[in-house]
Amino acid sequence: MAFFAALLSLLLSLTPGLAPSQGAPAPGAPNVTVVLDNAAGADGRRALPTVSGARGSNRPIVVIDPGHGGPDPGATSPIDGIREKNVTLAIARAIRDELAASGRVRVALTRDDDSLIDLRERYEIARQLGAALFISIHADAAPHNDDAQGATIYTLSEVASDREAALLAARENAAGVIGGADLGADPGVNRILIDLAQRESMAQSADFARLLRREASPLVPFRQDYHRFASLIVLKAPDIPSILFEAGYLTNMKDVAYIESPEGRARIAAGMRRAIETHFARRMTRLTQR
Ligand code: ZN
């Protein structure tokens, strides 16, 4: 982080007209205005979701993203016919309720009903809320291997392709902010800033994956090979540490009984809360030691 900050300030000092934004939130402690209104905006854009827990505080915001939804059911369990989109929503709500009750972070869901959201819009919701952590919830399926069992955590395998970075740079205007620094008019510099922010986010994402395994493993069965890397669009927010959590296999009897039960969901939620609260406690410690 220190290396990243030093690089960033060097870059900014070399670039006239590109200065860190005034009052930019420190990592882990976003200071944002949150829209607490579910009505559709006048411009027809989807309104930002409700943020729960410790309302009005500066506590970090965690966005939980229930995978699939609406016309996209995700996988269907051959055991009981349940659809992944319903499993992910139930788990996400359990995590939200657990975090809101604890009150150490604020939390929002990308969807709280049976609707479909575009993959990029999912992380854009998190960016607009000023989220400090993004967790997408899914359930696995291995139709030809019903022994496959346990949870898996995915993080991004590489810095987003040039095309992704270019798309983002194109979408951002002069008011855009990446990793606490204003994006300026120079697309080349913007690309470098996006790239730097993403490398930092990827390192934090991998740290969080290891922490989640450690904190949740007494409660949640993980696969032996629990951490995998993939180029998943939903994880490509350049400035928010992001993971995709596959809660278990809809093709495995034990996993189905576990992830579809209120007790199983409560265990996942408790494991997530432990890891999330430890993650932010660590980050606060690092920030105050600088
Ligand atoms: Zn899925």
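Predicted model: local features only at pLDDT ≥ 70, side-chain atom pairs only at ≥ 80, totals over all residues.
Select residues 84-102 for helix 2. Now show side chains. On the helix 2 side, pick Ala 90, Ile 91, Ala 94, Ile 95, Glu 98, Leu 99 and Ser 102. They meet Arg 265, Ile 268, Ala 269, Ala 270, Met 272, Arg 273, Ile 276 and Glu 277 in helix 7. Color by class. This contact has 10 nonpolar, one polar and four charged residues.

Next, look at the geometry. The axes of helix 2 and helix 7 lie 8 Å apart and pack at about 50°. The two helices are therefore oblique to each other. The crossing of helix 2 with helix 7 is right-handed.

Keep helix 7 on screen, residues 262-289. How do helix 5 and helix 7 cross, left-handed or right-handed? Their crossing is right-handed.

From helix 5, take Gln 204, Phe 208, Leu 211, Leu 212, Arg 214, Glu 215 and Ala 216. From helix 7, take Gly 271, Met 272, Arg 274, Ala 275, Ile 276, Thr 278, His 279, Arg 282 and Arg 283. Color by class again. The contact of helix 5 with helix 7 holds seven nonpolar, four polar and five charged residues.

Notes. Residues numbered from 1 in each chain as written. Heavy atoms only, no water. Axes fitted to C-alpha atoms, helices over the stretch in contact; angles between N-to-C directions. Helix = DSSP H or I, 4+ residues; strand = E, 2+ residues; numbered from the N terminus. Left-handed = near helix turned anticlockwise from the far one by under 90°. Contact = heavy atoms within 4.5 Å. Nonpolar A, V, L, I, M, F, W, Y, C, P; charged D, E, K, R; others polar. Parallel < 35°, antiparallel > 145°, perpendicular 65-115°, else oblique.
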